Amino acid sequence: TYDDRVFFRFAMTNNSAGAVTVDEVIFQLSAIVGIAQAELTDFTLHEGGSPLPDAATVVVDAGPGTGTITFADLAGGLFTIPAASTVDYMLTGDVTGLVPGDTISLELGPGDVTLDSQTVGGVAARPATHSFARQALPLLAYSEEGSSDIDFSNFESGNWNVGSQAVGQVDNFLWQVAEMKPDFGEVVVVAVEENPVDPHLYASFWNRVQWDATDGTGFNDAVDLGPVRYDDTRMFGAAYETNSGELLIVAGHPTKPGYIKYWVWDGCTWTENEDYLLSSNDSDVRWIDMASKPGSNEIAMIVSTEPWGTGPTRYDVLAYIWDGDTNTWDDSAHTQFTSTGRVTMDSISVEYRQKGTYGGNAIFMWNMGSTAWVKEWDGSSWGSPWSRSTGYPTFHGNLAADPASDDLLYAWTHDQGTHQDVGTVFFRGNFNGFEDFFEHENEATGDVNYNRPIDVVYESAAGHEGHALV
């Protein structure tokens, strides 16, 4: 089955000289195929991002496959539109038990209403009906040097489409992070401007048809999340909560050392927290990596820091756990590793074990100088840190989780001066150190101080369990 969620955004304009109270809103369901009334639940009407308290009445006709969703408050009125004003609204609801071929189409009415924009199931409205069946399709987002756009190409029917503009902004983009919602219905791209004076962080959502800032102002745009810390490192990250589908974005604070800003997107509204203290010393956030726990709203985050200004010469790696059920950081789960050696480039990574005996445990991995370190969080306590010498300064590391077991694979590059090598290490079962530590000679090219010439991923198809590609 393909459990899904309906998003239907529209705007109402009052052109009169006085305020207008709306008592009833009716959505017409049409072309319903394979969907029963019991599968349409939890419909809510939102005004300007805030949910209205009135419950919906859902009626699906038997036979012809049509019906209505009605919101009514004849006594006090559903909502009031001020004079000469336009107000944005959104209908959300759950549609469960879907299989490929099930379709549904919504219209606002009957009545004299003009839609400014309309989406169905997170996909921009198109003629006829839309299938809700989800599948993971590759999406590439990138920025060309000297361009103020985010471009993209998606992979369909065995081919990459010609690159086109996803988002146009004022300044060039420097760093990007792309994350896919667990139900495959949405991808967010988060990017920071290459602007040393006043860098802002932006987010745009791909719903498989349009790029959208979700603010009701059109498409091919991004929401401006405000100023963030900027440098030659990626000081932000993003991850979706697996159960709720809510999005968490974290970034270094633009002016306060040791602090982060973070935002939560629940599908309708943004919640921002300006000041969260990561470390008590004067430290500067350098790199951030995040991972989502399977079957949970927990998110793990690893952060590397460096001294700020005249602060002490210490380099911290910080590990945090986000509790998505309460939208708070679990301070009891925080741990800190301090060293006099810096974390080289983006050689920090975190990932959850996916299945098996130790499924749901988080592995935190980082490199300091020529030493690789690892720590494990089992949901209630931290294991002892383990370390191993890599022999040479290590740059650029990444963890990948086997979707069929509790195995993980870590891959990195290190610089031997005359050439660069690739290293790999496995984590299996009851973690008690590094397993299958292996060095691949002369495999990396380029200047590892600036390039990340390595990545690792597991295959997910049946019959390929445990297969990893470096």
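Tutor: What follows takes the charged pairs one by one.

This is a predicted model, where local features need pLDDT of at least 70 and side-chain atom pairs count only at pLDDT 80 or more, while totals for chains, interfaces and linings use all residues. Residues are numbered from 1 along each chain as its sequence is written, and side-chain values use heavy atoms, leaving out hydrogens and water.

Side chains of opposite charge can pair when their charged atoms come close. A salt bridge here puts a side-chain nitrogen of Lys or Arg within 4 Å of a carboxyl oxygen of Asp or Glu. The count comes to 8 salt bridges.

Start with Glu 274 and Lys 261. Their side chains meet in a salt bridge, 3.8 Å from N to O. Glu 274 lies in strand 26 (residues 270–277) and Lys 261 in strand 25 (residues 259–265), so the pair ties together parts that are 13 residues apart in sequence. Strands are DSSP runs of E, at least two residues, numbered from the N terminus. Glu 274 is partly exposed, at 37% relative accessibility. Lys 261 is buried, with a relative accessible area of 1%. The cut-offs: buried is under 20%, exposed over 50%, partly exposed in between (1.4 Å probe, protein chains only).

Next, Glu 376 and Arg 353. The closest N and O atoms of this salt bridge are 3.0 Å apart. Glu 376 belongs to strand 34 (residues 371–377), and Arg 353 to the loop between strand 32 (343–352) and strand 33, so the pair ties together parts 23 residues apart in sequence. Glu 376 counts as buried because its relative accessibility is 12%. Arg 353 is buried too, at 0%.

Now Asp 407 and Arg 428. Their side chains form a salt bridge at 3.9 Å, N to O. This pair links distant parts of the chain, 21 residues apart. Both partners sit in loops: Asp 407 between strand 36 (394–401) and strand 37 (408–415), Arg 428 between strand 38 (420–427) and strand 39 (435–444). Asp 407 counts as buried, at 18% relative accessibility. Arg 428 counts as partly exposed, at 30%.

Last comes a group beyond simple pairs. Arg 229, Asp 284, Arg 286 and Glu 306 are linked in a network of salt bridges.

How values were computed:
Helix = DSSP H or I, 4+ residues; strand = E, 2+ residues; numbered from the N terminus.
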